[in-house]
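Hi,

Here is the structure I said I would pass on. Have a look at it first, and my notes on rings and surface follow below.

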Amino acid sequence: MNPFLSIKSRLLAFALCISLIPIALTTTIFYLHAKNALQYRIFEDLKAIAESRELHVISFMERIGIRAADFSTDGFIRRRFESIMRGRNSHPDAVVRLNKYLAKQKLPLNRHLSAIAIVDKNGKVVSSTDGRLIGKDFSGQDVFKQGIQRGCGEAHIGPIHYSPDLDVKCIFISAPIIAGGGIETLGVIINAYSLSALNEITANRIGMGESGEVYLVSKDWLMLTQSRFFDDAAPPLVVDTEPVRKLVEEGKEMVGIYRDYRGKTVVGASRYLPEYGWTLLAEIDKAEAFAPLKRLGLVALFFGVVSSVAVTGLGISFAVSTSNPIRDIQDAAERFAGGELDYRVKVIRKDEIGALAVSFNAMAGKLKEEISGHKRTGEILKESEQRFRTIFDNATDGILIADTETKRFHTGNTAICNMLGYPAEEINTLGIADIHPKEDLPFVREEFEKQSHGETALAKDIPVKKKDGTVFYADINTSLLTFDGKTYLMGIFRDVTDRKRIEDALRVLNDSLEQRIAERTAAVVKANNDLKSEIAERRRAEEELRKLFNAVEQSSCSVVITDVQGKIEYVNPKFSRVTGYAPEEVIGQNPRILKSGEKPPEEYKCLWDTITAGGEWEGEFHNKKKCGELYWEYASISPIRNPDGVITHFVAIKEDITERKRTQEELKKQRDHLEYLTNRLTASNKELEAFCYSVSHDLRAPLRGIDGFSKALLEDYSDKLDAQGKNYLQRVCAASRHMGQLIDDLLNLSRITRGEMHRKKIDLSALAKVIALELQEAEPGRRAEFILAEKLVVNGDPHLLQIALRNLLGNAWKFTRKRPQTIIELGVKQHDGKPVYFVRDNGAGFDMAYAGKLFGAFQRLHPTTEFEGTGIGLATVQRIIHRHGGQIWGEGAVDQGATFSFTI
């Protein structure tokens with residue numbers, strides 16, 4: 001006998017397979033899952049750190065930009081600079097006073113501010129906190145050119161570069177200084193900030209471990225901030241790494257594993273700051289990031305090895321203890337069949353195999369008696385087989401009798417005791433809740449009730465819990481019994497695995513005995529068994545084929561099967577409905593009958609080469625139906641192999657995508673039309689912008705003439721004009737300045753409507769603090785209290801939201817001027833689950849009957865003699881809020897203040 005075909009070898013192989021394979025799979029899956037979870041957490045942490053540092057950098061740059069704009073609108077600086085430029089004061093003394101004011105009042109406001117310079121409109125430095133800059137020419141520098149073109153309150157942030165005058169790398173911020181009338185630009189103010197601020201932001205290594213690093217890279221691939229691994233005195237580092245290339249060349253941010261500028265493998269995340277062309281990188285060495293994974297791998301390996309050794313030992317023990325008694329029974333059967341009718345098997349076990357040995361001995365004694373008495377061979381065989389079957393059934397199936405009311409067990413046989421692992425005396429102390437898993441009890445109780453009421457007799461795949469906690473599945477066949485006046489439910493438990501194993505062993509023994517005793521009867525029995533098995537297998541195969549056939553026949557996709565030469569052998573009904581060809585018209589044909597002639601021959605050659613080589617081909621066909629109509633279909637073609645791996649057929653699964661193609665074509669046409677409309681709208685906006693600037697220029701020229709000639713009359717002919725004449729000229733000057741302000745407001749309103757938006761996270765609280773400081777510095781004598789909520793972060797355009805907030809807070813400041821104590825509040829509240837932001841004051845308020853005029857251009861609810869203004873501010877705010885997809889509304893009462901609420 002082949003040792004690899006023995007029951008012992010099979011039991012050992014089976015035990016090892018069902019044990020070692022799950023252990024190996026579990027260990028591997030656990031390790032891979034842990035690795036993926038750790039990698040995901042590291043990626044998320046680095047993304048969060050990069051985003052945090054990005055917000056810090058943007059916040060710092062916005063603050064220094066706002067600071068420069070604030071300096072440019074400082075009343076003292078503007079008046080002194082205007083006096084110097086117009087020669088009204090002694091030039092050296094005025095410059096000295098301006099230098100001192102900048103050094104004492106402005107330079108200490110930020111410890112990173114290295115120098116402040118005021119440059120005239122020709123590019124010459126007039127005043128500075130650093131004497132080295134005075135007299136220098138900035139006319140050729142970009143920071144001056146961009147700053148002189150900005151509007152009032154706007155700033156330009158220049159790139160980081162080395163300043164030879166200051167002998168340091170710094171950031172230049174410029175903002176225009178505009179004369180009091182808002183018409184003439186006198187020059188620019190330039191703030192120089194050292195890079196120490198950015199180094200402080202990137203040097204913060206909280207959450208970055210021992211090897212973590214955050215740094216900035218310019219669009220020229222040069223490191224801007226200080227590297228923690230190299231001396232700052234070294235020349236600028238060129239950072240040619242994968243995330244930098246992706247951002248510079250493709251504009252894509254990334255999170256992943258790559259080599260950094262040192263050549264070391266790191267885990268990193270990149271963020272792009274488009275306003276400045278910078279790349280921010282947060283990185284940590286891969287070895288440090290994945291250090292916990294090494295310890296986890298050693299633990300998993302140790303667990304797998306220990307479990308494998310234990311399972312191997314148990315498998316060997318189980319195989320030996322199970323196979324030896326069966327071998328004894330096999331030897332006894334062979335000796336008995338050889339004529340030793342007095343030979344018996346020694347009974348040394350009390351399990352199913354022991355019961356089998358007892359049954360074998362009883363059967364052998366009976367056979368000896370039957371043969372000695374010369375009884376009919378046929379009757380002996382029938383009775384022996386019946387007795388053998390009865391003994392076998394009683395030995396292998398477990399039986400439990402349960403009380404239908406209490407669901408407690410009355411008694412059970414030896415087999416059920418062995419199955420469950422309980423001794424016989426404990427069976428009657430158990431109930432169904434004790435031998436079934438807790439989570440399956442509702443299902444088990446439901447099946448028990450059905451069997452108790454005679455609704456069903458067989459319950460399949462019932463989970464049964466052994467005394468040691470392990471679970472096996474059994475089929476339970478039941479019948480109702482009545483004795484002692486009570487009704488009981490008898491359940492026969494059949495463990496499918498053990499039954500098959502014992503049946504196989506008994507079939508071998510029975511065949512051997514019957515072959516020795518009666519070849520003919522044994523042949524009939526064997527043939528009958530083979531026939532039954534073949535019939536069952538054939539029925540199963542037919543059922544599987546029927547399911548497969550129905551699935552293919554009813555598929556919503558066309559299915560075509562060809563032989564290896566490409567001739568069609570089968571098409572499903574969907575193919576006929578799509579193409580119009582009946583099955584008998586295409587059987588034996590090549591699928592090329594559907595060709596429309598549009599696909600190049602080389603693509604068909606590529607298809608054929610792919611599938612004949614054993615690969616799968618996917619693609620689209622533009623085919624022709626029987627009626628000549630063209631249609632599109634998406635096909636997947638793959639080979640079918642026999643058990644030897646040889647390709648015997650090809651199968652094509654095809655989906656009709658004609659409607660999808662038609663829809664895609666319509667969408668393309670709509671996109672093209674939309675692009676055309678967009679281009680026309682862009683052109684119209686440019687024409688409108690040109691018109692606005694033209695109108696502005698044409699209107700400003702006569703206004704400047706009116707204002708200039710009026711001032712000339714006042715200066716040159718003041719002795720010839722009476723008080724009323726001078727009053728008229730002063731009113732003409734004021735009206736011309738008011739008209740100029742109206743023109744500026746209209747242009748600003750037009751820019752807000754047409755300009756492109758750049759959304760990002762904005763801290764309204766920080767903006768409000770800067771605006772509040774400006775308002776208080778402009779009127780230091782007022783008693784005012786600003787109540788500003790913290791961390792009001794929104795997503796919007798920084799420039800537009802700054803204009804909106806400046807208008808709302810400026811209005812609140814203006815209309816509370818007559819109050820002894822000014823109170824202005826910026827806050828947020830929830831409405832319908834969404835945040836609503838508000839600006840509230842205790843000022844003059846308004847009549848709600850006129851609330852409809854609040855946001856109209858040039859609409860005023862208060863006379864100009866009482867409160868100055870042009871009536872454009874709230875209209876500007878409304879357009880900004882609407883561009884952000886929000887709403888704004890006002891509430892108030894006369895002399896009781898006003899509240900303006902808005903959403904973003």
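**Rings, charges and a surface patch**

Let me start with two residues: Phe60 is buried, and Tyr193 is buried as well. Keep in mind that this is a predicted model.

Those two side chains belong to the aromatic side of the story, where I have 12 aromatic pairs in the structure. In this pair, the ring centres of Phe60 and Tyr193 are 6.3 Å apart with the planes at 85 degrees, so it counts as edge-to-face, given that anything over 60 degrees falls in that class. The pair also ties together distant parts of the chain: Phe60 sits in helix H1 (residues 7-72) and Tyr193 in strand S5 (residues 185-194), 133 residues apart.

Elsewhere, Tyr604, Trp617 and Phe621 are joined into a cluster by ring pairs.

Arg262 lies over the face of Phe229, 3.8 Å from the ring centre. For Lys661, the ring is that of Trp632, and the distance to the ring centre is 4.5 Å.

Which residues make the nonpolar surface patch of about 300 Å²? They are Ile21, Leu25 and Ile29. Leu25 is part of helix H1, the helix that also holds Phe60. Leu25 has a relative accessible area of 48%, so it is partly exposed: the exposed class needs over 50%. Phe60, by contrast, is buried.

Cheers

Conventions
Residues are numbered from 1 along each chain as its sequence is written. This is a predicted model: local features need pLDDT of at least 70, side-chain atom pairs count only at pLDDT 80 or more; totals for chains, interfaces and linings use all residues. Side-chain values use heavy atoms; hydrogens and water are left out. Rings of Phe, Tyr and Trp (its six-membered ring) pair if their centres lie within 6.5 Å; planes under 30 degrees apart count as stacked, over 60 as edge-to-face and the rest as tilted. Helices (H or I, at least four residues) and strands (E, at least two) are DSSP runs, numbered from the N terminus. Buried means under 20% relative accessible area, exposed over 50%, partly exposed in between (1.4 Å probe, protein chains only). A charge sits over a ring if NZ of Lys or CZ of Arg is within 6 Å of the ring centre and within 35 degrees of the ring normal. Patches are made of residues with over 30% relative accessible area and no salt bridge: like charges are joined within 9 Å, nonpolar side chains (Val, Leu, Ile, Met, Phe, Trp, Tyr) within 5 Å. Accessible areas come from the Shrake-Rupley method with a 1.4 Å probe; for residues, only the protein chains shown count as cover. A salt bridge is a side-chain nitrogen of Lys or Arg within 4 Å of a carboxyl oxygen of Asp or Glu.
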